[in-house]
Amino acid sequence: MKSLKYILPIAVVAVLGTACEGFLDKEPLVTPIAETFYKDDANAVLAVNAIYDAISWDEGGVTGSGHTYEWMYGDLLSDDSKKGSTTGDYLELKQMETWQTLTNAPVQSSTWNNMYVAIYRANQVLTYLGDPQSVITEDLKSRLMGEAYFLRAYSYFNLVTKYGGVPVVTELIPMTDWGKYGRSSVAEVYQQIESDLKEAINRLPEKGTYTEANRGRATKGAAKAYLARAYMYQLGTDNTNGITWQQVYTLTNEVITSGQYQLMSNYAMLFEIENENNAESVFELQFVDVNNDWGPGKTGTGNNVIQNNRATWGWGFNNPTQNLVDAFEDNDPRLAVTVYTSNDTVVGTLQQIDYPGQNETGYLNRKAFLATAPSASSSSPKNIIKFRYADILLMQAEAAYHLGQESTARDFVNQVRARARISTRPKGSAGIGASDYRPYPVVAGRLPDVTASGTALLDAILHERRVELAMEGLRYYDLVRTGRYFTALANKYSQTEATRAESRSIKTGVVNPIPVMPIPLTEVQSWGLTQNPGY
């Protein structure tokens, strides 16, 4: 059962009048209609559902956005993937990949608009439900406000990691006042994220207490996980707020000891549509196919069609690199779950990739594979996993290392490797028509335990993050926060691209330079926002 994803279309219709066309360029809903709307428990739930809707837009939506997916940043900007498809298709992605993005590029404008719509909707919920006169059931009100705080923090986190400091708005204000809000600093945005996530932690229930009908909603564990991620990113980028590794360790330990999560026994099963919202899932975006692939009624995603094989029903973007393939150790079962190539059988279908004609590396992303085309090409029902428990374990390992607890660090890394060691072949890879999970032959020494110490242990942890979480939109951010990005980019292309990326980075008051995308031209012109360096 897909639960939350099935009620999003209703939510969109219910609050459509509250949405924005661009950077919140409509008046807030402050009429008696809004006040009446929020006096009903069911309506309040719909209003919160509409925030989830906004963070899930990849094209279409109320803003009519272009394509925008996390892999365009987290994978494509890293050494894990290249644009793919045909040479001339979607040139904006190649411009992104080589740090030549234009200030009016649709990907960045769409990301910006979508996140600010989500923030606008969250501000509405928090304003009306936070009113002392609100008649919403107290327990429900507290939970819904927790979800709104979480989703606002999620949106600001998406913005600060891509653009640096952005305007921080936490209340409903007249349109004429928007020009008064300049860009906050990176540290100030993170302060708001921390404040929101702490509110969410105090209000949200644990994952296991939600009913089936509410599966997919934000949880206490998800809020702690994102706060730990926000802390970890600050430690390697802008640490004006004085974050410590102990703070990361404490939060990840609370998630681990909560008993709410566990590793799936078989890594190969993690990314199949029938295993969505599994025991390892901390947070994932919910989707459902309703035969509508554009506009406010869309509740599916284009994430799968845009990455699927052009020889079948896909568009062939986001091609894993040979460098990523070579990073996997011999006989690591995770490789075949992460990439596929010509003559591989994927869910019972033989694949042929037109390389180099319609593919840039000879590989495609297996984690995004969908066997059957949805009824509308950009309306796939397959969820997008945003945070996994394996990530929590590896964050705990990294924090332990920095706190001098090397034995603990090794233990957590080896938990992840132990699961990978016994995983099977991917679903339906044994031959045409197959749909089962076949075991690998026993191989002595497959993925041995990590025994390293010192900097070699840190390298082992970062290596494990790369192969365990490959093609999940995280590699770029790991490279940036560890100060390894420009070297990786130079190895992927040349020093020219690395130098260009460095020229478009925040370099003052930082631990490591922070490459940033351009603030959309319309926002610079309309609101007088300062443009990022190099644009």
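Visitor: Which helix gives the most to the lining of the largest cavity?
Guide: In this predicted model, that is H7, which contributes 5 residues to the lining of the largest cavity.

Visitor: And what else supplies at least two residues there?
Guide: Besides helix H7 (138-163), the elements that each supply at least two residues are helix H3 (41-56), helix H4 (71-74), helix H6 (106-129), helix H9 (220-236), strand E2 (281-285) and strand E8 (384-388).

Visitor: What volume does the largest cavity have, and which residues lie nearest its centre?
Guide: Its volume is about 720 Å³, and of the 47 residues that line the cavity, Glu70, Trp71, Ile384, Ile385 and Lys386 lie nearest the centre.

Visitor: How does that lining divide by class?
Guide: The lining of the largest cavity has 20 nonpolar residues, 15 polar ones and 12 charged ones.

Visitor: What about the second largest cavity, what is its volume?
Guide: The second largest cavity has a volume of about 130 Å³, and among the 13 residues lining it, Val160, Thr161, Tyr190, Thr237 and Ile514 are the closest to its centre. Here the largest share of the lining comes from H16, with 4 residues, and the lining divides into 9 nonpolar, 3 polar and 1 charged.

Visitor: Back to the strands: is E2 enclosed or exposed?
Guide: Strand E2 is largely enclosed by the rest of the structure, because 5 of its 5 residues are buried. E2 pairs with E8 in the antiparallel sense over 4 bridges, and Ser281 has Arg388 in E8 as its bridge partner.

Visitor: Switching to aromatics, how many pairs are there?
Guide: There are 26 aromatic pairs in the structure. One of them joins Trp99 and Tyr476, whose ring centres are 6.5 Å apart with planes at 40°, so the pair is tilted. Trp99 sits in the loop between helix H5 (91-97) and H6, whereas Tyr476 belongs to helix H16, 377 residues apart.

Visitor: Are those two buried or exposed?
Guide: Trp99 and Tyr476 are both buried. Another pair is Tyr233 with Tyr477, which counts as stacked because the ring centres are 5.9 Å apart and the planes lie at 20°. Since Tyr233 is in helix H9 and Tyr477 in helix H16, this pair ties together parts that are 244 residues apart in sequence, and both tyrosines are buried.

Visitor: Which charged ends sit over rings?
Guide: The charged end of Arg229 sits over the ring of Phe387, 3.7 Å from the ring's centre, and the charged end of Lys162 sits over the ring of Tyr73, at 4.9 Å from the centre of that ring.

Conventions. Residues are numbered from 1 along each chain as its sequence is written. This is a predicted model: local features need pLDDT of at least 70, side-chain atom pairs count only at pLDDT 80 or more; totals for chains, interfaces and linings use all residues. Side-chain values use heavy atoms; hydrogens and water are left out. On a 1 Å grid over the protein atoms alone, a cavity is a set of points where a 1.4 Å probe fits but cannot get out, and a pocket is an open set with protein on both sides within 12 Å along at least five of seven lines; lining residues have an atom within 4 Å of a point. Grid points are joined across faces, edges and corners, and a volume is the space filled by probe spheres set on the points. Ala, Val, Leu, Ile, Met, Phe, Trp, Tyr, Cys and Pro count as nonpolar, Asp, Glu, Lys and Arg as charged, and the others, Gly among them, as polar. Buried means under 20% relative accessible area, exposed over 50%, partly exposed in between (1.4 Å probe, protein chains only). Two strands pair if DSSP finds at least two bridges between them. Rings of Phe, Tyr and Trp (its six-membered ring) pair if their centres lie within 6.5 Å; planes under 30 degrees apart count as stacked, over 60 as edge-to-face and the rest as tilted. A charge sits over a ring if NZ of Lys or CZ of Arg is within 6 Å of the ring centre and within 35 degrees of the ring normal.
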